[in-house]
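Me: Could you walk me through the packing and the charged pairs in this one? I'd like the cut-offs spelled out as we go.

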Amino acid sequence: MDIAVNLVENYLRLTGYLTLSEFEVQRRDKQGRFKTVTDIDVMAMRLPGDIYLGDPHNERDGELLLIDDPTLELEPECVDVIIGEVKQGTAELNPGIKDHAVLHSMLRRVEWIYAEPLEDVVNALQRKPVHWSPARGAGKVRTRLVAFGRAEDSSLNVIPLSHVVTKMLGFFEDHEDAFRPIQFREPAPAFLRLLLKSGFDVEKGEERSRE
């Protein structure tokens, strides 16, 4: 797996998302042969509510185990769905991510959360990279296309990788007692933990000033 994709996927997991990564979308050509339309680096869905480090019934252990990141602009009673492009260079979306078949193929995996036809969600995302839908049952769903990579500022559709690294390093440092017994097997979080154990300074003026 691409190290940048691994980094973003673990960041999203630690902010409460369920994730899929490096998913190839295919279709048949005129000769009936399958071809890859594009690769989706990451897809994530976050349901409303808190995630806990321990049993929330135990007041002592009921500490929140998630990165509280205002950059994600999470909303109350709102399911957040991300289809993401991860770049080691400039944060930008490949044209293929807006292909109707690509969006439809990916969103079919979470079709059950939408109270409007999936076709309407796909059409809306092709026009604009963020769309709000009524959720099935109650609440709403925010579906957005997000580019992760090198960028000066964050928005609903752009999250800098430098911000992801800073947030994860700070999170691991703040919850050292919880993560000390855990052996991370995936490369990105394992490397960040190694940096901390080696005495790496988490402080980064640019990111701290934004917060």
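Reply: What follows covers the nonpolar cores and then the salt bridges.

Reply: This is a predicted model, in which local features need pLDDT of at least 70 and side-chain atom pairs count only at pLDDT 80 or more, while totals for chains, interfaces and linings use all residues. Residues are numbered from 1 along each chain as its sequence is written, and side-chain values use heavy atoms, with hydrogens and water left out.

Me: How many residues does the largest nonpolar core have?

Reply: The largest nonpolar core has 27 residues, and those with the most contacts inside it are Tyr11, Leu12, Phe148 and Met168. A nonpolar core here is a set of buried Ala, Val, Leu, Ile, Met, Phe, Trp, Tyr and Cys residues joined through side-chain atoms within 4.5 Å, where buried means under 20% relative accessible area, exposed over 50% and partly exposed in between (1.4 Å probe, protein chains only).

Me: Which elements give two or more residues to this core?

Reply: They are α1 (3–14), β2 (34–46), β3 (78–90), β5 (140–150), α4 (161–174) and α6 (187–197), and α1 gives the most, with seven residues. Helices (H or I, at least four residues) and strands (E, at least two) are DSSP runs, numbered from the N terminus.

Me: And what does Met168 touch?

Reply: Not counting residues up to four places away in sequence, Met168 touches Leu7, Asn10, Tyr11, Leu14, Ile67, Pro189 and Leu192, with contact taken as heavy atoms within 4.5 Å. There is also a second, separate core of 22 residues, which includes Met43, Val81, Val110 and Val121.

Me: Switching to charges, how many salt bridges does a search of the whole structure find?

Reply: The search finds six, a salt bridge being a side-chain nitrogen of Lys or Arg within 4 Å of a carboxyl oxygen of Asp or Glu.

Me: Which residues are linked in a network?

Reply: Glu75, Asp80, Lys140, Arg142 and Arg144 are linked in a network of salt bridges. Within it, the side chains of Arg142 and Glu75 meet at 3.7 Å, N to O, and this pair links strand β5 to the loop between β2 and β3, 67 residues apart.

Me: Where does Asp80 come in?

Reply: The side chain of Asp80 meets that of Arg142 at 2.9 Å, N to O, and that of Arg144 at 2.8 Å, N to O. Arg144 lies in strand β5 and Asp80 in strand β3, so their pair ties together parts that are 64 residues apart in sequence. Asp80 counts as buried at 1% relative accessibility, and Arg144 is buried with a relative accessible area of 0%.
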